[in-house]
Amino acid sequence: MDSNELVPVDTAETNRVLAQLHALLPPGDARRERVYRALYCEMSFTNNARTGLAYASSALADAMHAADVHAQIDFHYCRGQYQALTTTSADALVDYNAGLLLARQVNDAERIGDGLSLRGSVESLQGEQALALVDLLEANRSYTSAGKHILAEGNLLDIAGAYRRLGEYDKARAYLEQSRAWAEQRHDNGSQLQVHMELGYLDDDSGNSGEAIQELKQALALAKQMSDRQSEATAQLGLAEVYNGQHEYQPALDALGQAGTAFASVSDQSSMAMMHLQYGIAHAGVGQHKVALTDYATAETGITADRNIRYLAQLYAARARSDYALGLLQATIEDLQRTINANAELDLMARRQETILMSYQFDTTRRDLENRRLAADAALSRTQIDSLEQVRRWQRLALLLGGVLTLLLAWLVMRQIQHLRRYKRMAMTDVLTGVANRRGIEKVLAEEVKRAHGAGHELSLLHLDVDDFKEINDSHGHQLGDWALLRIVAACKDALRQFDQLGRWGGDEFYVVLPNTGADGSVLVAERLRGNVEALNMDDICPQLRVSVSVGISRIRPGETSADAMIRRADVALYRAKHGGNNRVESEP
Ligand SMILES: Nc1nc2c(ncn2[C@@H]2O[C@H](COP(=O)(O)OP(=O)(O)OP(=O)(O)O)[C@@H](O)[C@H]2O)c(=O)[nH]1
């Protein structure tokens, strides 16, 4: 129901499906109730146009009250269709246009298609084939854009009708064959009936009356099978028209009789003018020209109201023959004149229609080209955006890789620097005690001499030697000697200030560089060192073991730029301390 694509087999089936649908409606769902009513309106009154008209009018009022625009559109269309049957198809246009306007306002492609299709079929009946084709072809585009393929297929029938009336029989037949294939494939009896009917008209118009009769009879059989009285009447009217064309007036009159009854049974007034025209031709055919004139008079009113010039031309030509047969010369001349005028108007219309069609085709082609160009532009910009994004992705990746590489390089460089520093430190460090080795302390001393010389500061150097260390080694072993050295270094460090630097010269000899330190300060530090070592308790490694150091002190002299002399003087002082009896501090003189 929501997809609006029901294909019922006949009237009874229609009513059964509608009842089923109604039973399925969720209670209180007013919107779906209106959707259902729209379907009901379209499908339930095929055999009763007046009741359908009344139903559509009241449903339209309800939809307006509920401000349900979609339902309003549906009921406008429904009412238009029953209006066309009750009076003339031209009267339906008011509702079709009103519905179409609303459909365009809410941009509802399916309902725009419905409106255009309905309006197109009226225009086609009025002889405005170009306008009709513009609307019908547009309807197809709308349906297709809304994905409503069944509705688009149904619309093909009307397109075929318009092409037939325009005299484009090949095009009309192509559309009908397409419709026939789809209708058969879907077992859609209603559409098959319409296809037979249209093929009948087409065969008749293109001079194949035998085939026309076959098609119309098939349409008639299907209409009877479906209990569709309205279509039955239309098929009978079509048959009558073919019979008249074949000068078979009695079968024509019979068919018209059947058509009249069937039309009356469904209150369909829309074909009354055509009925009278065909009656006139048939009556004239059997020699009843006076009756024919009455028929023509009635037909003329209806056809004029419908503004159908094609039928008017047919009517005037037929009436001229009856006028002539009755000896009404003046009337004959007038009707012949009217025939000429109507045909001239038809020619004019044909030319106008050609122009309208050409301009529509031009517009459509231009629009298609424009759409294709827009699509191509969109595809191009999509490709450009894609490749830009691709480039950006690569750039981001390259940046990321660059960043990672830079970090990696930085890390490698840092590690290298750290290794170098470590190697340098290791190269300057004594492995056993962890203080500066000979190279390290030489370097420190050289820098401090330079600095003291530059700034005119004082600088002192202590030369330490462990007393009788050989004896410790010899008595207690080399291992214990190492431990004793470690303890001595620790005791020395405790005695030093933050900026004093201790280094091992080798074996049991150490140097201490004392920046900014003069004679008194150096003696003080040296004594503290000596005292700390002397006070060492090493019972934990060797009970009763006592160690001591002798210290020689030298100081920088004014103008001295090399450490060698300082070292020599400190050695001399140490020598004196040793010879003074160990565990002593001696300064250079
Ligand atoms: N345990 C140990 N002994 C070492 C190390 N380096 C040198 N020695 C030893 O230290 C001793 C130093 O002895 P000497 O130079 O004769 O000096 P000393 O015995 O202290 O005598 P004086 O200096 O005159 O008091 C030698 O026996 C070296 O073999 C070391 O790293 N560890």
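View 1. Residues are numbered from 1 along each chain as its sequence is written. Because this is a predicted model, local features need pLDDT of at least 70 and side-chain atom pairs count only at pLDDT 80 or more, whereas totals for chains, interfaces and linings use all residues.

**View 2. The pairing of helices α4 and α5.** Helix α4 (residues 69–86) and helix α5 (residues 89–105) have axes that come within 7 Å and cross at roughly 170°, the axes being lines fitted to C-alpha atoms over the stretch in contact, with angles running from 0 to 180 degrees between N-to-C directions. The crossing makes α4 roughly antiparallel to α5, a term for angles over 145 degrees. Residues of α4 that take part include Val69, Ile73, Tyr77 and Ala84, and those of α5 include Ala92, Tyr96, Leu102 and Ala103; two residues are in contact if their C-beta atoms, placed from the backbone, lie within 7 Å. By class, this contact of α4 with α5 has nine nonpolar, seven polar and three charged residues.

View 3. Helix α12 (residues 229–245) has 17 residues and reaches 24 Å from its first C-alpha to its last, close to the expected 24 Å, the expected span being 1.5 Å times one less than the number of residues. Of the 17 residues of α12, 16 are buried, so α12 is largely enclosed by the rest of the structure; a residue is buried if 20 or more other C-beta atoms, placed from the backbone, lie within 10 Å of its own, exposed if 12 or fewer, and partly exposed in between. Just after α12, His247 takes a positive phi of about 60°. The end C-alpha atoms of helix α14 (residues 272–285) are 20 Å apart, in agreement with the 20 Å that its 14 residues should span. Because 13 of the 14 residues of α14 are buried, α14 is largely enclosed by the rest of the structure, and it is followed by Gly287, whose phi is positive, near 90°.

View 4. Asn537 has its place in the loop between α21 (519–534) and β4 (549–555), where it is exposed, with 9 other C-beta atoms within 10 Å. From C-alpha to C-alpha, Asn537 and Arg487 are 9.2 Å apart in space, although 50 residues apart in sequence. Gln544 also lies in the loop between α21 and β4 and is exposed, with 6 other C-beta atoms within 10 Å. Most residues other than glycine have a negative phi, but phi of Gln544 is positive, near 75°. Asn582, in the loop between α22 (564–579) and β5 (585–587), has a positive phi of about 60° and is partly exposed, with 14 other C-beta atoms within 10 Å.

How values were computed
Helix = DSSP H or I, 4+ residues; strand = E, 2+ residues; numbered from the N terminus. Parallel < 35°, antiparallel > 145°, perpendicular 65-115°, else oblique. Nonpolar A, V, L, I, M, F, W, Y, C, P; charged D, E, K, R; others polar.
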